[in-house]
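Dear colleague,

Please find below the structure that I am handing over to you. My notes on it follow directly after.

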Amino acid sequence: MAIILVRAASPGLSDAVRDIHHGSLQCSPSLPKRRPVPSPRRWMLCSLRYACLGLDPPRTSAVYSSLAVNPAGEAVVSSEQKVYDVVLKQAALLKRQLRTPVIGVRPQDMEMPRTGLKEAYHRCGDICEEYAKTFYLGTLLMTEERRRAIWAIYVWCRRTDELVDGPNANYITPTALDRWEKRLEDLFAGRPYDMLDAALSDTISRFPIDIQPFRDMIEGMRSDLKKARYKNFDELYMYCYYVAGTVGLMSVPVMGIAPESKATTESVYSAALALGIANQLTNILRDVGEDARRGRVYLPQDELAQAGLSDEDIFRGVVTNRWRKFMKQQITRARMFFEEAERGVTELSQASRWPVWASLLLYRQILDEIEANDYNNFTKRAYVGKGKKLLALPVAYGKSLLLPCSLRNSQNQN
Ligand SMILES: CC(C)=CCC/C(C)=C/CC/C(C)=C/CC/C(C)=C/[C@@H]1[C@@H](COP(=O)(O)OP(=O)(O)O)[C@]1(C)CC/C=C(\C)CC/C=C(\C)CCC=C(C)C
Ligand SMILES: [Mn+2]
């Protein structure tokens, strides 16, 4: 049996990789079963996305409908529908837990003095500041408890990403990810392995956070280990949910919904999911050249083919009119997800809105920079300059003062 210790020293990100590499923890991951629930709203959204892009929705893929037919003629559930089921489940859990708060493992019950916990959160804040300075600044406006919780979640996500994207990525195996998942289960059970885990363990005892988005992020890292191509947008959507949509779902219970908001919990979760998807699509469009040099093409293969492009064009890295046209479509789609997300930000509790607006505005500007670079994302990294970054902060602050959309709409109706 594994003995789990809370380490006294403060570990860095690379320690996490080493720990799970040398650790002896095992587990058999079990993904929750998903139920196909056709939803007219999702169907409309998906078909709209295709129509606006001027793309033919491939008949063999399930992108534009909640239920579709695969090449073998079987009915399949689209990724958007599968993920929407997760959204519904998370929203239901949040509503239930807010009605009957469960007393979890409180910090005082854990075998770590309060000063240790303080130090753990402090370290999470430092890591967050080091890796995501603007976002860290935004969190400073949040209440202390929420800010620390977001730092702890950020650090867990960053460590998870670092496993497959960091300097030791070549040594990471599916077994190592299984061990990371076992560690996750342990910290959810109040048995953190190190001090950074302890901060998250404390956070999940204070906020109604579910384990599923965390498990799903690890699943995304598993897929990164074995998959370097995406047949269509349906496959890419699932990947984006795993590695980024999950972040949105993890964050909502901490950020909180404004007490005056009239929006449904599901719609706020949907917006959070959309922001994660939008960010990840943007990240993929920014990093086309960098990813290609690692042998990875995240862009949907069928859409590349429809545009008369192939992997070879990407490896060659020459900006042609075909490429520009293709990129315009991809950018349009990413912007649609940002638009969907915008509606949800205003529904968050007032103090949480600023960092989310800031990150939305800043990340979306990367798309403008790709355009400004004449779509050369092969050799030029789209980068938002300091001036524009600084300007986004007061704009985000102004937006965070607006009343929730749901309230404005209901006032207009009265
Ligand atoms: C305020 C805010 C943004 C809170 C989220 C904080 C948080 C917990 C972030 C974790 C991010 C993270 C480390 C994810 C791991 C996987 C990963 C790296 C995903 C990519 C992020 C960008 O990273 P970067 O540019 O550094 O990429 P490289 O590694 O260099 O390639 C992603 C593109 C995804 C990030 C996704 C989000 C930040 C989701 C944000 C959504 C919300 C906070 C929900 C807000 C609520 C509503 C209602 C809209
Ligand atoms: Mn990237």
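The notes below go from the overall fold to the ligands and then to single residues.

This is a predicted model, in which local features need pLDDT of at least 70 and side-chain atom pairs count only at pLDDT 80 or more, while totals for chains, interfaces and linings use all residues. Residues are numbered from 1 along each chain as its sequence is written, chains are lettered from A and ligands numbered from 1 in the order in which they are written, and side-chain values use heavy atoms, with hydrogens and water left out.

Overall fold

The protein has 18 helices and four strands; these are DSSP runs numbered from the N terminus, with helices being H or I of at least four residues and strands E of at least two. Of its 414 residues, 55% are buried (under 20% relative accessible area, where exposed means over 50% and partly exposed lies in between, with a 1.4 Å probe and protein chains only). Among the contacts with a separation of 6 or more, 75% join residues 24 or more positions apart; a contact means heavy atoms within 4.5 Å. The protein exposes about 18800 Å², and carbon and sulfur atoms supply 54% of that area (Shrake-Rupley method with a 1.4 Å probe; for residues, only the protein chains shown count as cover).

The ligands

Ligand 1 is surrounded by 30 residues, of which the closest are Phe-135, Arg-158, Asn-283, Ser-359 and Tyr-363; a residue counts here if one of its heavy atoms lies within 4 Å. Polar contacts are pairs of N or O atoms within 3.5 Å; within protein, one must be able to donate a hydrogen and the other to accept it, and residues adjacent in sequence count only if both atoms are side-chain atoms. A polar side-chain atom of Arg-158 lies 2.9 Å from an oxygen atom of ligand 1. For Asn-283, the distance from a side-chain N or O atom to an oxygen atom of the ligand is 3.0 Å, and for Tyr-363 it is 2.6 Å. Taken alone, ligand 1 exposes 1000 Å², of which the protein buries 89%. Elements giving two or more residues to the shell are α6, α10 (233–255), α11 (265–286), α15 (321–345) and α16 (350–372). The most come from α11, with nine residues.

Single residues

Glu-369 lies in helix α16 and counts as buried at 12% relative accessibility. Glu-342, in helix α15, is partly exposed at 22%.

Asp-374 and Tyr-375 are both in the loop between α16 and α17 (386–400). Asp-374 has a positive phi of about 55° although it is not a glycine, and Tyr-375 likewise has one of about 65°.

With kind regards
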